[in-house]
Amino acid sequence: QQSIMKFFKKSAREENSQKEKEGASSSGNGAGNEFPTLAFPSISTADFQFDLDKASDIIVESAQDFLKRVDNVRLALVDLSDKSRIISLVREKVMKKGIDSNRFITFVGDITMLYSKGGLRCTAIANAANWRLKPGGGGVNAAIFKEAGEALDIATKERAETLNPGSSVAVPLPSTSPLYQREGVTHVIHVLGPNMNPQRPNYLQNDYTKGCKILRDAYSSLFESFASVAC
Ligand code: AR6
């Protein structure tokens with residue numbers, strides 16, 4: 001618990017120094033921190049066991065394509081630990097490609113407490129969901145449904161019964177939800193990635209041709225859903 005708090009503090013410091021940089025920069029637009037932000041976890045790379053190197057390529061390429069097309073929004077890849085391998089891989093690749101750091105950031109913290117513990121304001125957060133859109137299970141799905149309260153389950157059921165791999169659904173959070181009140185999050189966007197875990201339904205049997213296509217579709221659907229609620 002203590003070490004998680006340390007990460008939050010570090011992340012908050014990074015965010016503050018980012019704010020300072022934006023304020024000081026004459027060439028930047030200085031508005032980066034006010035862009036509507038989507039915080040998203042790395043889809044499919046934990047319980048669904050998708051290869052991290054391939055996933056990091058897909059995250060960076062999908063984000064770059066999206067940011068070229070849509071102005072005045074920011075994407076934030078989030079993970080729980082500063083030892084996160086997916087965060088390091090993505091950071092490296094983002095730097096190599098020269099993606100604007102006002103528009104794509106990586107952030108260490110719990111996606112359900114980004115503002116209250118990390119000072120990062122996000123309009124929407126993404127959930128690595130299951131096909132039944134059921135609360136619980138593990139990972140980020142369990143955390144988001146728990147923090148958002150029953151309101152999210154009800155609002156989700158009004159929008160969709162199930163989700164196909166590679167697709168997403170944006171759910172407006174009722175203003176009674178703690179995620180809305182405490183964190184300022186207005187939408188949860190459920191997204192279903194490819195499953196490479198033999199213990200879960202619809203296992204792709206190591207077929208990365210299919211898997212990569214589904215993961216690309218998942219990110220482009222997620223980012224489009226975000227644009228549709230943020231722009
Ligand atoms: N905050 C930020 N990142 C998190 C959090 C959190 N609270 N919890 C986990 N992560 P996973 P998947 C990161 O397993 O691989 C569920 O049970 C985690 O470190 O949640 O797409 C669903 O119901 C990893 O980087 O999602 C599905 O059945 C990332 O979130 C299945 O697991 C995704 O990990 C989906 O598996």
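**Close-up 1. How helices H2 and H8 pack in this predicted model**. Helix H2, spanning residues 52-69, packs against helix H8, residues 208-230, at an angle of about 35 degrees. Their axes sit 10 Å apart, and the crossing of the pair is right-handed.

**Close-up 2. The residues where H2 and H8 meet**. On the H2 side, the contact is made by Lys54, Ala55, Ile58, Ile59, Glu61, Ser62, Ala63, Phe66 and Arg69. Facing them from H8 are Tyr208, Cys212, Leu215, Arg216, Tyr219, Phe223, Glu224, Phe226 and Ala227. Sort the contact of H2 with H8 by class and you get 12 nonpolar residues, five charged ones and one polar one.

**Close-up 3. Who's around the ligand**. There are 22 residues around the ligand, and the ones that come nearest are Ser44, Asp47, Asp79, Asn130 and Val140.

Close-up 4. On its own, the ligand has 700 Å² of accessible area, and the protein covers 90% of that.

Note on methods
Residues numbered from 1 in each chain as written. Predicted model: local features only at pLDDT ≥ 70, side-chain atom pairs only at ≥ 80, totals over all residues. Heavy atoms only, no water. Axes fitted to C-alpha atoms, helices over the stretch in contact; angles between N-to-C directions. Helix = DSSP H or I, 4+ residues; strand = E, 2+ residues; numbered from the N terminus. Left-handed = near helix turned anticlockwise from the far one by under 90°. Contact = heavy atoms within 4.5 Å. Nonpolar A, V, L, I, M, F, W, Y, C, P; charged D, E, K, R; others polar. Near = heavy atom within 4 Å. Areas by Shrake-Rupley, 256 points an atom, 1.4 Å probe, with all protein chains shown as cover.
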